[in-house]
Amino acid sequence: MKKLAGVLAGAWLGLQLGVGYLVAPVLFQNLERMQAGALAGVLFTVTAYIGLFVWLLVYFTGRSEQKRAYTRAHTGKWILLLLALLAVNQFLITPVIEAHKTGTANWLLTLLGGSFGRWHGTSTIIYMVCSVLGLGLVFRLVKMEWR
């Protein structure tokens, strides 16, 4: 199960990097802005849900082997941080961005305010942090630990 979790985490990382840093820019270069944004939004949503599933699997696989280096290296805490960031981006920030696009109300937007650019920028930073965290965690999972 540990090997499967490592393979799935690597596949998610490839998806995360491919969608965010290859596919989305190509969409915006070749399609009308609203159409590109809609397609990119769907791809980011799919990537987020796959990431949540995969990293929950990795976390619980690691928890079942608690006595190993997994817990000594605090890998579980990094996975929980990654899961939290993925969830915040998907379930809190993305709805605010959608509310800006559609001109509808959103409780977080009402509470905090902010422009589309600010929320999109926040989402982009979280996406980048998730990518870097995922890269480090995948290296740990495949026994290429940095020490």
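From the N terminus on, the elements of the chain run α-α-α-α-α-α. This is a predicted model: local features need pLDDT of at least 70, side-chain atom pairs count only at pLDDT 80 or more, and totals for chains, interfaces and linings use all residues. Residues are numbered from 1 along each chain as its sequence is written, and side-chain values use heavy atoms, with hydrogens and water left out.

Colleague: How many helices and strands does the chain have?

Modeller: Elements are DSSP runs, numbered from the N terminus: helices are H or I with at least four residues, strands E with at least two. The count for the chain is six helices and zero strands.

Colleague: How far apart are the end C-alpha atoms of H2?

Modeller: The expected span is 1.5 Å times one less than the number of residues. H2 has 31 residues, so it should span 45 Å. The model agrees, with its end C-alpha atoms apart by 44 Å.

Colleague: Which residue caps the N-terminal end of H2?

Modeller: Look for a polar contact (N or O atoms within 3.5 Å, one able to donate a hydrogen and the other to accept it; residues adjacent in sequence count only if both atoms are side-chain atoms). The backbone nitrogen of Met-34 lies 3.0 Å from a side-chain oxygen. That oxygen belongs to Glu-32.

Colleague: Are H2 and H4 roughly parallel or antiparallel?

Modeller: Axes are lines fitted to C-alpha atoms over the stretch in contact, and angles run from 0 to 180 degrees between N-to-C directions. H2 and H4 (residues 75-102) pack at about 155 degrees, with axes 10 Å apart. Angles under 35 degrees count as roughly parallel, over 145 as roughly antiparallel, 65 to 115 as roughly perpendicular and the rest as oblique. H2 and H4 are therefore roughly antiparallel.

Colleague: How many charged residues does the contact of H2 with H4 have?

Modeller: Contact means heavy atoms within 4.5 Å. Among the H2 residues are Phe-44, Trp-55 and Tyr-59, and H4 brings residues including Leu-83, Phe-91 and Lys-101. Ala, Val, Leu, Ile, Met, Phe, Trp, Tyr, Cys and Pro count as nonpolar, Asp, Glu, Lys and Arg as charged, and the others, Gly among them, as polar. The contact has 15 nonpolar residues and five polar; the charged count is one.

Colleague: What is the hand of the crossing where H1 passes H6?

Modeller: The axes of H1 (residues 2-30) and H6 come within 10 Å and cross at roughly 150 degrees. That makes H1 roughly antiparallel to H6. A crossing is left-handed if the near helix is turned anticlockwise from the far one by less than a right angle, right-handed if clockwise. H1 passes H6 left-handed.

Colleague: At what angle do H2 and H6 pack?

Modeller: H2 (residues 33-63) meets H6 (residues 116-141) with axes 13 Å apart. Its contact residues divide into seven nonpolar, two polar and no charged. The packing angle is about 35 degrees.
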